[in-house]
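Me: I would like to learn how to read the features of a structure one at a time, with the general idea before each case. Could we go through the one shown here?

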Amino acid sequence: MSKRAGREVSTGNDGDGSGGGTYWVFKNILLGPGIKRVFRPVVEGADHVPAAGAAIIASNHLSIADWLFTPLALRRRITYAAKSDYFTGSGIKGRLQRTFFAGTGQVPIDRSGGEASRGALRAGLRVLKRGELFGIFPEGTRSHDGRLYKGRTGVARLALEAGVPVVPTAVINTDLIAPRDKKFGRVVTPIVRFGKPLDFSRYADVADDRFILRSITDEVMYAIMELSGQEYVDDYATVAREKAKE
């Protein structure tokens, strides 16, 4: 049963839509071993991710493959928020799609309407309050040209409200493996690179200040840029994509 206006969607999986044991089956048996054998991903800086306790994994977003390779880089589980359409399909395709997205560590939210971002934040808070890792793409959507775009302030709001560190993360080459708007890509080695955790607890008393939220977000994006080596564009990805179409 789904709720509109950006709220979380119940799927009947372990009470939170996360898929529970299905995640570990996908990661360690059904998908993980084969993906590692074919692509041989390289992981750098995994020791920067806390061994226990809540943290935000904030990454650039080049491809849908980011949802696969980043979780495979860690022993700990990473949960993401995905649009509810992936969880509410009917028939065989709907069941397979629902199983896949739940099994790969994603919780559903309805992203229609103006409350969508709040739905994602609520989903993230639930995960973080359980002491787990929550993955977020501050750009809000995949980069259409491989450059790094301006981050949305949701990552800052989440970090301050949950009182947790942000681990800047970069994925490299995933856009070659699963290119945007193409059916097939190339078999290349992806790199997942984790940076040192960023602590923003000093801003806890000014969590509603939009200038502080922008400053935190920019600091996160700068750290991601240093890790990824991408060219940075001071514009939102959605806006830049529309400009490119024109």
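Reply: Helices (H or I, at least four residues) and strands (E, at least two) are DSSP runs, numbered from the N terminus. The model is a predicted one, in which local features need pLDDT of at least 70, side-chain atom pairs count only at pLDDT 80 or more, and totals for chains, interfaces and linings use all residues. Residues are numbered from 1 along each chain as its sequence is written, and side-chain values use heavy atoms, with hydrogens and water left out.

Me: Which residue caps the N-terminal end of H8?

Reply: Asp209 does so, with a side-chain oxygen placed 2.8 Å from the backbone nitrogen of Phe211. Just after H8, Gly229 takes a positive phi of about 75°.

Me: How does one check the length of helix H8 against what its residues should span?

Reply: The expected span of a helix is 1.5 Å times one less than its number of residues. Helix H8 covers residues 210-228, and because its 19 residues should span 27 Å at 1.5 Å a residue, the 27 Å between its end C-alpha atoms agrees.

Me: Which residues of H8 are buried?

Reply: Buried means under 20% relative accessible area, exposed means over 50%, and partly exposed lies in between (1.4 Å probe, protein chains only). In H8 the buried residues are Ile212, Leu213, Arg214, Ile216, Thr217, Val220, Met221, Ala223, Ile224, Leu227 and Ser228. As a general idea, an α-helix has 3.6 residues a turn, so residues three or four places apart point the same way.

Me: What do the buried residues of H8 pack against?

Reply: Contact means heavy atoms within 4.5 Å. The buried residues of H8 pack against strands E2 (55-59), E6 (148-149), E7 (166-172), E8 (191-194) and E9 (232-233), as well as against helix H6 (154-162). Within H6, the buried residues are Gly154, Val155, Ala156, Leu158, Ala159 and Leu160, and just after H6 a positive phi of about 65° is taken by Gly163.

Me: Is Ser59 buried or exposed?

Reply: Ser59, which has its place in strand E2, counts as buried because its relative accessibility is 2%. Leaving aside neighbours within four places in sequence, Ser59 is in contact with Ile136, Phe137, Pro138, Thr169, Val171 and Ile224. The side chains of Ser59 and Asn60 are also joined by a polar contact of 3.2 Å.

Me: How many salt bridges does a search of the whole structure find?

Reply: A salt bridge is a side-chain nitrogen of Lys or Arg within 4 Å of a carboxyl oxygen of Asp or Glu, and the search finds eight of them. One of them pairs Arg147 with Glu231, the closest N and O atoms being 3.5 Å apart. Arg147 lies in the loop between strand E5 (133-136) and E6, whereas Glu231 lies in the loop between H8 and E9, so the pair ties together parts that are 84 residues apart in sequence. Arg147 is partly exposed at 28% relative accessibility, and Glu231 is partly exposed at 49%.

Me: What about a salt bridge inside a helix?

Reply: The side chains of Lys245 and Glu242 meet in a salt bridge of 3.7 Å, N to O. Because they are three residues apart in helix H9 (residues 237-245), Lys245 and Glu242 are separated by about one helical turn. Lys245 is exposed, with a relative accessible area of 61%, while Glu242 counts as partly exposed at 40%.

Me: How many helices and strands does the protein chain have, and what share of its residues is buried?

Reply: The protein chain has nine helices and nine strands, and buried residues make up 48% of its 246 residues. Among contacts between residues at least 6 apart in sequence, 79% join residues at least 24 apart.

Note on methods. A polar contact is a pair of N or O atoms within 3.5 Å; within protein, one must be able to donate a hydrogen and the other to accept it, and residues adjacent in sequence count only if both atoms are side-chain atoms.
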